[in-house]
Amino acid sequence: MTDLLEVRDLTVHFDTEDGLVEAVDGVTFTVRSGEILGVVGESGSGKSVTALALLRLIRPPGRIVHGAMWFEGTDLVGLSEDEMRAVRGTRIAMVFQSPRTALNPVLTVGRQISRLFELHHGVSRAEGRARTIGMLKLVGISEPERRARQYAHQLSGGMCQRVMIAMALATSPRLLLADEPTTGLDVSIAAQILDLLRDLGRRTGASILLITHDLGVVAETADRVAVMYAGQVVEYCDAEAAFRRTLHPYTAGLL
Ligand code: ADP
Ligand code: MG
């Protein structure tokens with residue numbers, strides 16, 4: 001498999017009133033085409049900051065101090081804000097935790113997805129609507145025509161997350177960043193969402209960076225795993241191997 005993304009020595013600092021926070025401290029990993037890389041670690045280990053850095057969404061007092069993020073032959077670190085905007089949401093898309101708050105409360109979910117098709121693929125409103133129904137089906141939402149006319153508050157948490165995934169996929173990204181996508185969902189619904197991500201990865205060929213604090217989730221879903229601790233990758237191996245071989249004590253502790 002070829003590499004879609006190669007992160008080298010990524011270092012992100014926050015210069016706060018209380019001192020320097022070395023949130024991400026020399027992180028190196030790759031994401032291969034079509035694979036799911038699990039990024040796992042306890043709260044505060046630097047997972048979300050890594051994802052935000054990939055989208056170049058680190059805001060002051062934070063900054064990327066050094067490192068490279070090679071994606072489709074370009075180092076994202078060197079792109080202008082305009083160039084980065086073209087990558088964000090189209091080549092790389094993100095699914096956040098707490099999907100309900102990430103959805104627009106005053107637009108129907110169908111309209112939110114349809115607008116993305118119109119904006120990014122230049123299709124008519126009618127075509128956008130048709131593609132939206134197809135996308136809602138793809139992410140496993142039954143009665144898609146009816147659901148498309150509803151608002152976020154009318155949907156369950158699991159369904160909101162399916163809508164968020166539909167929005168992320170509407171632009172046909174090559175890399176999907178999923179930051180704790182099952183937080184706050186019931187165990188059975190969470191398992192369905194993870195199944196969905198794995199299935200969609202296979203169908204669309206997109207790579208997925210799956211962030212979680214739960215090594216069990218990674219073992220079930222990911223091909224490889226990067227374990228983060230205190231801003232560093234302390235273990236980096238096949239997901240299966242994370243269970244088979246002798247682990248870094250911290251990884252063993254996460255189990
Ligand atoms: P997690 O692995 O839980 O996603 P984060 O990536 O959110 O962890 O955070 C990594 C570290 O960076 C933590 O110590 C956190 O306190 C710090 N951090 C994150 N965002 C900021 C910020 N905006 N200002 C200061 N410190 C931050
Ligand atoms: Mg986080």
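## The loop between α1 and β4

R56 lies in the loop between α1 and β4; helices (H or I, at least four residues) and strands (E, at least two) are DSSP runs, numbered from the N terminus. The phi of R56 is near 55 degrees, a positive value in a residue other than glycine. P61 also belongs to the loop between α1 and β4, and the peptide bond from P60 to P61 is cis, with omega near 15 degrees.

This is a predicted model, in which local features need pLDDT of at least 70 and side-chain atom pairs count only at pLDDT 80 or more, while totals for chains, interfaces and linings use all residues. Residues are numbered from 1 along each chain as its sequence is written, chains are lettered from A and ligands numbered from 1 in the order in which they are written, and side-chain values use heavy atoms, with hydrogens and water left out.

## The four-stranded sheet

Four strands, in the order β2-β1-β4-β5, form an open sheet with antiparallel pairing; two strands pair if DSSP finds at least two bridges between them. β2 and β5 (74–75) are the edge strands, each pairing on one side only. Between β1 and β4 (residues 62–71) there are eight bridges in the antiparallel sense. Within this pairing, V7 has M69 of β4 as its bridge partner.

Helix α1 lies across β1, β2 and β4 and runs at about 115 degrees to β1. Axes are lines fitted to C-alpha atoms, for helices over the stretch in contact, and angles run from 0 to 180 degrees between N-to-C directions.

## The six-stranded sheet

A further open sheet has six strands in the order β6-β7-β8-β3-β9-β10, with mixed pairing. Its edge strands, β6 (92–95) and β10 (232–238), each pair on one side only. The twist from one strand to the next averages 20 degrees. Helix α1 (residues 47–54) packs on this sheet, touching β3 (36–40), β6, β7 (175–179), β8 (207–212) and β9, and its direction makes about 150 degrees with that of β8; contact means heavy atoms within 4.5 Å. Helix α7 (residues 157–169) also packs on the sheet, where it touches β6 and β7, with its direction at about 175 degrees to that of β6.

β9 (residues 224–229) and β10 are joined by six bridges in the antiparallel sense. V225 has C237 of β10 as its bridge partner, and A226 stands opposite Y236 in β10. The hairpin of β9 and β10 has two residues between the strands, and A230 there takes a positive phi near 50 degrees.

The residues around ligand 1 are F14, T16, V21, A23, E42, S43, G44, S45, G46, K47, S48 and V49; a residue is near a molecule if one of its heavy atoms lies within 4 Å of it. β1 (3–16), β2 (19–32) and α1 each supply at least two residues of this shell, and α1 gives the most, with three residues. The shell divides into four nonpolar, six polar and two charged residues. Here Ala, Val, Leu, Ile, Met, Phe, Trp, Tyr, Cys and Pro count as nonpolar, Asp, Glu, Lys and Arg as charged, and the others, Gly among them, as polar.

An oxygen atom of ligand 1 is 2.7 Å from a polar backbone atom of G44, and an oxygen atom is 3.0 Å from a polar backbone atom of G46. For K47, an N or O atom in the side chain is 2.8 Å from an oxygen atom of ligand 1. Taken alone, ligand 1 exposes 560 Å², of which the protein buries 62%; accessible areas come from the Shrake-Rupley method with a 1.4 Å probe.

Terms used:
A polar contact is a pair of N or O atoms within 3.5 Å; within protein, one must be able to donate a hydrogen and the other to accept it, and residues adjacent in sequence count only if both atoms are side-chain atoms.
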